[in-house]
Amino acid sequence: SDQSSTIGSGSQLLVITNTLLDAPLWVRVDVDGIMVFEGNLPKAAQLSFRANDRFRIRVGYAKALRLSFNGREIDSLSGAASDGTNTIVLRKE
């Protein structure tokens with residue numbers, strides 16, 4: 001795995017993808033309680049994060065976010081607000 005493209009360290013792996021092909025997606029990612037990324041994920045872009053225990057993801061348009069947690073797809077729409085925003089917390093299993 002290419003460590004240079006992964007933010008943080010730890011055994012828990014989160015991969016976030018902006019599935020929009022024509023627009024950026026606002027995302028904020030907290031790793032173990034520390035904000036490590038906040039901003040626009042470019043169209044069709046992907047970022048990887050590692051944590052020891054917990055991720056907290058805040059997204060402006062949940063429908064466009066694809067989440068993979070330790071290799072498993074996560075439903076980013078579950079619990080989303082009517083305006084499309086969502087906060088997803090993923091913990092070590």
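Which side chain meets that of Asp 30 in a salt bridge of 4.0 Å, N to O? It is the side chain of Arg 56. By salt bridge I mean a side-chain nitrogen of Lys or Arg within 4 Å of a carboxyl oxygen of Asp or Glu.

Before going on, the conditions. This is a predicted model, in which local features need pLDDT of at least 70 and side-chain atom pairs count only at pLDDT 80 or more, while totals for chains, interfaces and linings use all residues. Residues are numbered from 1 along each chain as its sequence is written, and side-chain values use heavy atoms, with hydrogens and water left out.

Back to the pair. Asp 30 and Arg 56 meet in a salt bridge; Asp 30 lies in strand 3, residues 25–31, and Arg 56 in strand 6, residues 54–59, so the contact ties together parts that are 26 residues apart in sequence. Strands here are DSSP runs of E, at least two residues long, numbered from the N terminus.

Now accessibility. Buried means under 20% relative accessible area, exposed over 50%, and partly exposed in between, with a 1.4 Å probe and protein chains only. On that scale Asp 30 is buried at 9%. Arg 28 is partly exposed at 26%, and Arg 56 is partly exposed at 30%.

The search of the whole structure finds 3 salt bridges. One of them is between Glu 93 and Arg 72, at 3.0 Å, N to O. Glu 93 is in the segment after strand 9 (86–91) and Arg 72 is in strand 8 (residues 72–74), so this pair ties together parts 21 residues apart in sequence. Glu 93 is exposed, at 68%, and Arg 72 is partly exposed, at 40%.

What is the order of its 4 strands? The order is 4-3-6-9, in an open sheet with antiparallel pairing. Strand 4 (34–41) and strand 9 are the edge strands, each pairing on one side only. The twist averages 15° from one strand to the next, with axes as lines fitted to C-alpha atoms and angles running from 0 to 180 degrees between N-to-C directions.

Two strands pair if DSSP finds at least two bridges between them. Strands 6 and 9 run antiparallel and are joined by 6 bridges. Ile 57 has Ile 88, in strand 9, as its bridge partner.
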